[in-house]
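Reader: I have a chain open on my screen and want to talk through its fold. Can you walk me through it?

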Amino acid sequence: MRETQLTVSPRWFWLALVFLTTQLVYLQTLNPTFSNDDSAETITAGATLGLQHPPGYALSALTDHCAALLPLGSFGYRVNWSSSLLASLGATLLSLALFSLFETGRFLKNKKVPSWTVNFCAVMGGLGLAFAPTYWQNALSAKGGIYLLSVCLQLLIMGCVVRSVRAKKGNPTRSLELSFFLIGLGLASHWETLAIFIPALLLFFIWNREITMTPWVRAVFFLFLGLSPLLYLPLRAHLNPVLDLGAPDTRALFWTDLTRSYFSDHELTWIGVLKAVFKGSFPMITLGAILHQPFHNKMEAFLLYPGWEIGWISFVLALGGIVLWLRSEGKNILFFLCLSCFLLWASMFSYFNISRTIDSPFITLKFLLSSDWIIFLLSAVAMAVLLSKLNHLKKSLNLLMALLLACCLIWKTNNVWDGVNQASQTVTYDYGQNLLKSLPAHSLFFAESDADYFSLYYLQQVEYYRPDVIMIPSFTLFEPWGTQAIEKRNPDVGLTTSSVFFPDHFARIIYATSELVVKNRNLKPIAFSNFNGAFHIYYMNRQKNTKIRSSGLVWLLDSPMIHAETCLSPNRLRTRDLEKNSIQWDGSLDGIRNVYALAGLKF
């Protein structure tokens with residue numbers, strides 16, 4: 001059957017409007033340094049070509065390195081801005097996908113429908129995604145760029161799906177090859193979300209019986225071509241960069257890094273539980289209590305998603321969009337969208353024991369970013385059908401409804417502005433500087449939390465501030481690659497743990513921390529932060545009679561190297577904007593506030 005073509009013009013003007021509008025808003029709220037969400041690690045990896053925590057995010061590190069080369073502001077600002085560009089690109093790609101859908105005439109078959117209705121719905125879909133709170137928040141920091149790059153690739157795959165439906169016989173093969181290449185690129189960055197789209201994409205193209213075996217073989221070739229950025233991980237690891245988390249320089253370490261096996265203890269899944277049950281290491285009596293944990297831990301995020309993240313109006317419209325689409329053509333595209341969304345939510349509930357903290361719902365919402373664009377696409381489809389029907393009844397109703405929907409978007413954007421605004425969020429940056437300011441010269445510092453070591457990685461390796469301090473991320477002492485990295489980089493500290501056999505990683509960290517303290521206590525100041533991390537648990541808790549002194553935000557082990565004049569008074573710490581950021585709702589700064597409180601500063 002011949003498709004009814006709907007003229008929509010000028011399309012590129014509206015796409016430019018979406019991109020520039022979102023950029024204007026993002027630049028007003030962009031973080032000038034880095035937020036407390038691993039962004040300092042992401043910026044450092046981009047600026048120095050380092051290796052982030054598993055799975056390494058190879059493609060993201062390469063793109064961030066390109067952004068870091070731009071002569072605009074600090075390194076942090078450059079990579080943060082690249083995240084905002086990806087967010088604007090994602091919103092623009094969603095509007096483009098909507099234009100492509102509407103141009104097929106599958107939803108708006110009446111040629112008399114005003115072109116402004118189509119333009120309005122496509123723009124509203126893009127802006128709705130751009131100003132969804134979690135999407136917006138990720139657009140303002142470097143770490144968010146990892147997730148937004150994945151969203152952009154997903155939207156490009158969606159474009160391939162729509163193009164394959166619109167193409168003439170024989171042409172869908174190009175869409176197949178391009179989509180597989182995009183899947184490969186996505187797997188080379190944040191593979192956890194891109195992998196979820198593979199089953200739906202395979203079924204979609206299998207549904208198209210016009211594709212022969214030869215295009216499938218070419219598609220597999222393009223998939224491996226897209227995976228090529230993963231070579232960056234072992235090649236760069238062989239050069240021993242300072243930021244080398246996971247050290248994937250061997251085949252075993254590369255696979256362990258890529259599959260995130262280091263986090264298996266606190267990312268237990270359904271499959272992991274079943275394996276443990278069959279091995280007998282998991283008691284059956286506690287299985288029932290464990291099975292309810294994903295629902296218990298994720299329910300708050302589940303309730304936040306439709307009301308706070310998407311908005312009830314858009315969520316209800318999306319449900320209506322599914323019903324309307326079922327009555328129209330192109331059900332294979334709807335199948336691709338719904339199956340992808342279902343698999344995404346199902347995978348979220350497959351993780352058991354992610355801890356319930358104040359920010360855990362917002363961490364879960366980051367994972368669900370990939371379903372945001374699907375919801376807003378479906379809501380825009382329903383919006384277009386609704387406005388077209390109102391236009392048949394009375395044109396004034398059409399205009400009134402469009403104005404009401406636009407006002408709802410403006411109201412929601414204004415309502416969440418203060419909560420996502422990071423223009424003055426320098427707390428984590430100042431915290432890192434205060435840590436280094438608190439340390440005597442040539443200290444050996446045990447960094448206990450993400451806020452400690454990621455901010456110090458950035459300050460020492462990117463801004464070259466206080467390179468005299470030897471920073472030991474405590475968690476790396478659990479792993480052989482962590483102790484080997486310290487031995488290679490700082491041989492003068494005398495660590496020999498890599499040459500000793502240990503029955504488990506607990507024994508390794510106990511030995512390593514003790515050896516570092518014993519061999520260096522009389523040679524240099526030894527300090528640790530206020531966070532209750534690995535050094536607290538596996539050294540300090542076992543040394544009950546150890547004397548310590550406070551210096552700014554850190555504790556110093558008492559030794560002949562420590563004198564009263566080396567300790568920093570808390571009133572010399574820099575605490576700009578800490579009180580101003582109390583409106584941040586995700587609780588990510590609570591740990592830093594507690595450290596300041598322990599140092600004697602109240603806010």
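This is a predicted model: local features need pLDDT of at least 70, side-chain atom pairs count only at pLDDT 80 or more; totals for chains, interfaces and linings use all residues.

Reader: OK. How many helices and strands in the chain?

Author: The chain has 27 helices and 5 strands. Both are DSSP runs numbered from the N terminus: helices are H or I with at least four residues, strands are E with at least two.

Reader: And what share of the residues counts as buried?

Author: Of the 603 residues, 57% are buried. Buried means under 20% relative accessible area, exposed means over 50%, and partly exposed is in between, with a 1.4 Å probe and protein chains only.

Reader: What part of the contacts comes from residues 24 or more positions apart?

Author: Such pairs make up 77% of the contacts in the chain that have a separation of 6 or more. A contact is a pair of heavy atoms within 4.5 Å.

Reader: Now the sheet. What is the strand order?

Author: The order is 2-1-3-5-4, in an open sheet of 5 strands with mixed pairing. Two strands pair if DSSP finds at least two bridges between them.

Reader: Which are the edge strands?

Author: Strand 2 and strand 4 (548-551), each of which pairs on one side only. From one strand to the next, the twist averages 30°.

Reader: Which helix packs on it?

Author: Helix 23 does, touching strand 1, strand 2 and strand 3, and its direction makes about 145° with that of strand 2. Axes here are lines fitted to C-alpha atoms, for helices over the stretch in contact, and angles run from 0 to 180 degrees between N-to-C directions. Helix 23 (residues 450-461) also forms a right-handed β-α-β unit with strand 1 and strand 2. Right-handed means that, with the strands pointing away from the viewer, the path from the first strand over the helix to the second runs clockwise.

Reader: Parallel or antiparallel, strand 1 and strand 2?

Author: They run parallel, and 4 bridges join strand 1 to strand 2 (residues 470-473). The bridge partner of L444 in strand 2 is I470. On strand 3 (residues 526-529), which pairs with strand 1 in the parallel sense over 3 bridges, L444 stands opposite I526.

Reader: And strand 3 with strand 5?

Author: Strand 3 and strand 5 (residues 554-557) run antiparallel, joined by 3 bridges. F528 has W555 as its bridge partner there.

Reader: Which way do the side chains point in strand 1?

Author: In strand 1 (residues 444-447), L444 and F446 point one way, F445 and A447 the other, and all are buried. Strand 3 has I526 and F528 pointing one way and A527 and S529 the other, again all buried. In a regular strand the side chains alternate between the two faces of the sheet.

Reader: Switching topic. What is in the largest nonpolar core?

Author: That core has 107 residues, and those with the most contacts inside it are M158, I333, F336, L337, W373 and L377. A nonpolar core is a set of buried Ala, Val, Leu, Ile, Met, Phe, Trp, Tyr and Cys residues joined through side-chain atoms within 4.5 Å. A second, separate core of 44 residues includes Y262, L553, V554 and L573.

Reader: What is W373 in contact with?

Author: Beyond its neighbours within four places in sequence, W373 contacts L94, L129, V151, Q154, L155, M158, F197 and L337.

Reader: Why does L334 count as buried?

Author: Because its relative accessibility is 4%. L334 lies in helix 18 (residues 331-348) and, not counting residues up to four places away in sequence, touches I322, W325, L326 and L378.

Reader: Last one: where is S60?

Author: S60 is in helix 3, and it counts as buried because its relative accessibility is 2%.

Terms used. Residues are numbered from 1 along each chain as its sequence is written. Side-chain values use heavy atoms; hydrogens and water are left out.
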